Amino acid sequence: MRRHGVLMVLCSLGITGLLLLRLFDPAHSFIFPPCPLRYFTGLYCPGCGSLRAIHALLQGDLPQAWAMNALTVTMLPFIGYGLISEIHRHFRGRPMPGMMMPASSIRALCAVIVLFGVARNLPFHPFNLLAPGASLHL
Amino acid sequence: VVLPPGTTIQNYLVFAIVTTVLCCLPAGIPAIVYAAQVNGKLQAGDVAGAKAASDNAKMWCWISFGLGLGVFVVYGILAMVGLIGSLHRH
């Protein structure tokens with residue numbers, strides 16, 4: 001019973017978040033907090049721009065989303081499948097096919113995320129295009 | 001990865017990635033590393049080790065999620081205080 005509770009809370013949070021992101025632009029609305037890392041250090045983290053990217057996607061604007069956070073846009077289909085798999089696991093006790101990745105793949109994924117975070121802070125071409133929104137101002 | 005029938009050990013990879021990429025929190029990185037450990041130990045047949053790594057992955061996912069939620073709550077309070085303050089000035 002308690003496990004259903006956690007699932008319900010997480011699902012409601014997710015759906016509320018998506019609705020808010022459909023309605024409000026995180027770039028201009030005070031509803032969404034700024035990234036704490038960016039706020040305190042001025043650095044971009046691997047996730048910076050992902051809220052704006054999802055907002056753009058919910059508005060049907062893929063180029064804008066891609067410019068905000070290419071990594072998030074690339075990973076969203078897999079994240080979506082993974083989340084459905086987690087719900088499947090919750091009720092059926094096993095994940096959906098393809099969810100047991102080899103450890104090496106997960107480590108590679110982790111490296112990609114960290115390297116993306118480093119690369120988008122580099123102040124020279126072409127890496128500076130990875131910063132949120134940078135490729136919109138070409 | 002071939003598991004003994006009926007054995008699945010949750011690696012929380014999906015939640016680790018969601019909290020890392022969507023909440024932009026460095027605490028998601030250890031969660032991903034432990035997720036990799038879960039699958040690595042399962043591959044090596046070390047079910048107990050995988051279970052321990054799974055618990056660590058879960059803990060880091062919640063830390064990451066909690067930090068994100070904490071930032072959201074603190075930001076919400078500050079935004080409200082700012083809003084009320086600006087209303088008073090007008």
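Reader: Is Phe127(A) buried, partly exposed or exposed?

Author: This is a predicted model, and the value is computed from it. Phe127(A) has a relative accessible area of 32%. Buried needs under 20% and exposed needs over 50%. Phe127(A) is therefore partly exposed.

Reader: What kind of aromatic pair do Phe124(A) and Phe127(A) form?

Author: Phe124(A) is partly exposed, at 43% relative accessibility. The ring centres of Phe124(A) and Phe127(A) are 5.8 Å apart. Their planes stand at 85 degrees. An angle over 60 counts as edge-to-face, so this pair is edge-to-face.

Reader: What is the angle between the ring planes of Tyr39(A) and Phe40(A)?

Author: The count over all chains is three aromatic pairs. Tyr39(A) and Phe40(A) make one of them, with 5.2 Å from centre to centre. The pair is edge-to-face, and the angle between its planes is 90 degrees.

Reader: Are Tyr39(A) and Phe40(A) buried or exposed?

Author: The cut-off for exposed is over 50%. Tyr39(A) has 59% relative accessibility. Phe40(A) has a relative accessible area of 69%. Tyr39(A) therefore counts as exposed, and Phe40(A) is likewise exposed.

Reader: How many residue pairs are in polar contact between chain B and chain A?

Author: Chain B puts 30 residues in contact with 36 residues of chain A. The two chains bury about 2900 Å² between them, 80% of it on carbon and sulfur atoms. Salt bridges between them number zero. With both residues at pLDDT 80 or more, the residue pairs in polar contact number five.

Reader: Which helix gives the most to the side of chain B that touches chain A?

Author: α1 (13–22), α2 (28–43) and α3 (47–89) of chain B each supply at least two residues to that side. Its residues divide into 22 nonpolar, eight polar and no charged. The top contribution is 10 residues, and it comes from α2(B).

Reader: Is Ser50(A) buried or exposed?

Author: Ser50(A) sits in helix α3 of chain A, residues 50–58. Its relative accessible area is 2%. Buried means under 20%, so Ser50(A) is buried.

Reader: Which residue has its backbone oxygen 2.9 Å from a polar atom of the Ser50(A) side chain?

Author: Leave aside neighbours within four places in sequence. Ser50(A) is then in contact with Asn69(A), Thr72(A), Val21(B) and Leu22(B). The backbone oxygen at 2.9 Å from the polar side-chain atom belongs to Val21(B).

Terms used:
Residues numbered from 1 in each chain as written. Chains lettered and ligands numbered in written order. Predicted model: local features only at pLDDT ≥ 70, side-chain atom pairs only at ≥ 80, totals over all residues. Heavy atoms only, no water. Contact = heavy atoms within 4.5 Å. Buried area = accessible area lost by both parts, 1.4 Å probe. Salt bridge = Lys/Arg side-chain N within 4 Å of Asp/Glu carboxyl O. Polar contact = N/O pair within 3.5 Å; in protein donor to acceptor, adjacent residues only side chain to side chain. Helix = DSSP H or I, 4+ residues; strand = E, 2+ residues; numbered from the N terminus. Nonpolar A, V, L, I, M, F, W, Y, C, P; charged D, E, K, R; others polar. Phe/Tyr/Trp six-rings, centres within 6.5 Å; stacked < 30°, edge-to-face > 60°. Buried < 20%, exposed > 50% of the residue type's maximum accessible area, 1.4 Å probe, protein only.
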